[in-house]
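Student: I have a chain open on my screen and would like to go through it with you. Could we begin with how its strands are arranged?
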Amino acid sequence: MTLKWTEPEGSSSFYRVQWTDGNTMRNDSVTETYINISELTAGVQYNFTVTAVAGDNKTVGQAKTISLYTKPEVVRNLNVTEITTSSMTLTWTKPEGSSSFYRVQWTYGNTMRNDSVTETYINIRELTAGVQYNFTVTAVAGDNKTVGQAKTISLYTKPEVVRNLNVTEITTSSMTLTWTKPEGSSSFYRVQWTHGNVTQSYNVSVTSKTFTNLTPGVQYTISITAVAADGHTEGQSTTVSQYTSK
């Protein structure tokens, strides 16, 4: 912290500065009307006292005291676990030094919400499926207003399952699948068919897919999975089995 003050009326020789966190007391003397005090502990309340001293080095004026918190350190190891279509659990490691609680904020588009917790985790619910959220965790000191540097992580919720999967236009060598887009949001669909040891996979942005060059009279297992815009967060798959015509 840097302390500044205005010199008192009349005359003085120097200033005696003292600071304590309740356990440890230190002091210094300066002739300027400011001092930078270093090697403090993060997130801790300090009482600072400044006293003007006369030229005999022992006659002192009335002390002036101010109490302030240092900023907490940044939280460590911020991580997201247990991602679902509507919730996420954040975990982190407490920062070095001290802090009173954590302010958690999450945003999606123009929507912003926040909560405060004393634990090093939070389960956030009522999220929208398949969208990107920015989560920010900030340690707050005991005065409820001095905050450390924020730590941010961005992740997608899982998309919902596709609806009304149906197989139409079955021939000896082709099939057409249609489905309804899931609730919430998704970027594209991963469509996969399997027959024995053979698997083919496609990515499509529309809610239909026609497979060609299939074998007549054979059963195919087909699955459709909605994928978020990050390209790897997937929802639950919907599967259907269907034979081509003989």
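Student: Which residue of strand 11 stands opposite Met 88?

Tutor: Met 88 stands opposite Ile 124 in strand 11. This is a predicted model, in which local features need pLDDT of at least 70 and side-chain atom pairs count only at pLDDT 80 or more, while totals for chains, interfaces and linings use all residues. Residues are numbered from 1 along each chain as its sequence is written, and side-chain values use heavy atoms, with hydrogens and water left out.

Student: How many bridges are there between strand 8 and strand 11?

Tutor: Strand 8 and strand 11, the latter covering residues 121-124, pair in the antiparallel sense over 4 bridges. Two strands count as paired if DSSP finds at least two bridges between them. Strands are DSSP runs of E with at least two residues, helices are runs of H or I with at least four, and both are numbered from the N terminus.

Student: What joins strand 7 to strand 8?

Tutor: Strand 7 (residues 76-81) and strand 8 (residues 88-93) run antiparallel and are joined by 4 bridges. Val 80 stands opposite Leu 90 in strand 8. The hairpin of strand 7 and strand 8 has 6 residues between the strands, and Glu 82 takes a positive phi near 55° there.

Student: How many residues lie between strand 16 and strand 17 in their hairpin?

Tutor: That hairpin has 2 residues between its strands, and Gly 196 in the turn has a positive phi of about 65°. Strand 16 (residues 188-195) runs antiparallel to strand 17 (residues 198-204), with 7 bridges joining them. Tyr 189 stands opposite Val 204 in strand 17.

Student: Changing topic, how many helices and strands does the chain have?

Tutor: The chain has 0 helices and 20 strands.

Student: And what is its radius of gyration?

Tutor: The chain has a radius of gyration of 32 Å, whereas a compact globule of 246 residues would have one near 18 Å. The radius is taken over C-alpha atoms, and the globule rule is 2.2 Å times the number of residues to the power 0.38. Along the principal axes, the C-alpha atoms fill a box of roughly 110 × 30 × 25 Å.

Student: Is Ala 226 buried or exposed?

Tutor: Ala 226 counts as buried because its relative accessibility is 0%; buried means under 20% relative accessible area, exposed over 50% and partly exposed in between, using a 1.4 Å probe and protein chains only. Ala 226 lies in strand 19 (residues 219-227). Leaving aside neighbours within four places in sequence, its contacts (heavy atoms within 4.5 Å) include Pro 159, Val 162, Phe 188 and Tyr 189.

Student: How about Thr 107, buried or exposed?

Tutor: Thr 107, with a relative accessible area of 16%, is buried. Thr 107 lies in strand 9 (residues 101-108). Not counting residues up to four places away in sequence, Thr 107 touches Met 112, Gln 132, Tyr 133 and Asn 134.

Student: Last topic: which residues lie nearest the centre of the largest pocket?

Tutor: Lys 4, Trp 5, Thr 6, Val 50 and Lys 64 lie nearest the centre, among 18 lining residues. The elements giving two or more residues to this lining are strand 1 (2-4), strand 5 (45-53) and strand 6 (64-69). A pocket here is an open set of points on a 1 Å grid over the protein atoms alone where a 1.4 Å probe fits, with protein on both sides within 12 Å along at least five of seven lines; lining residues have an atom within 4 Å of a point.

Student: Which strand gives the largest share of the lining?

Tutor: Strand 5 does, with 5 residues.
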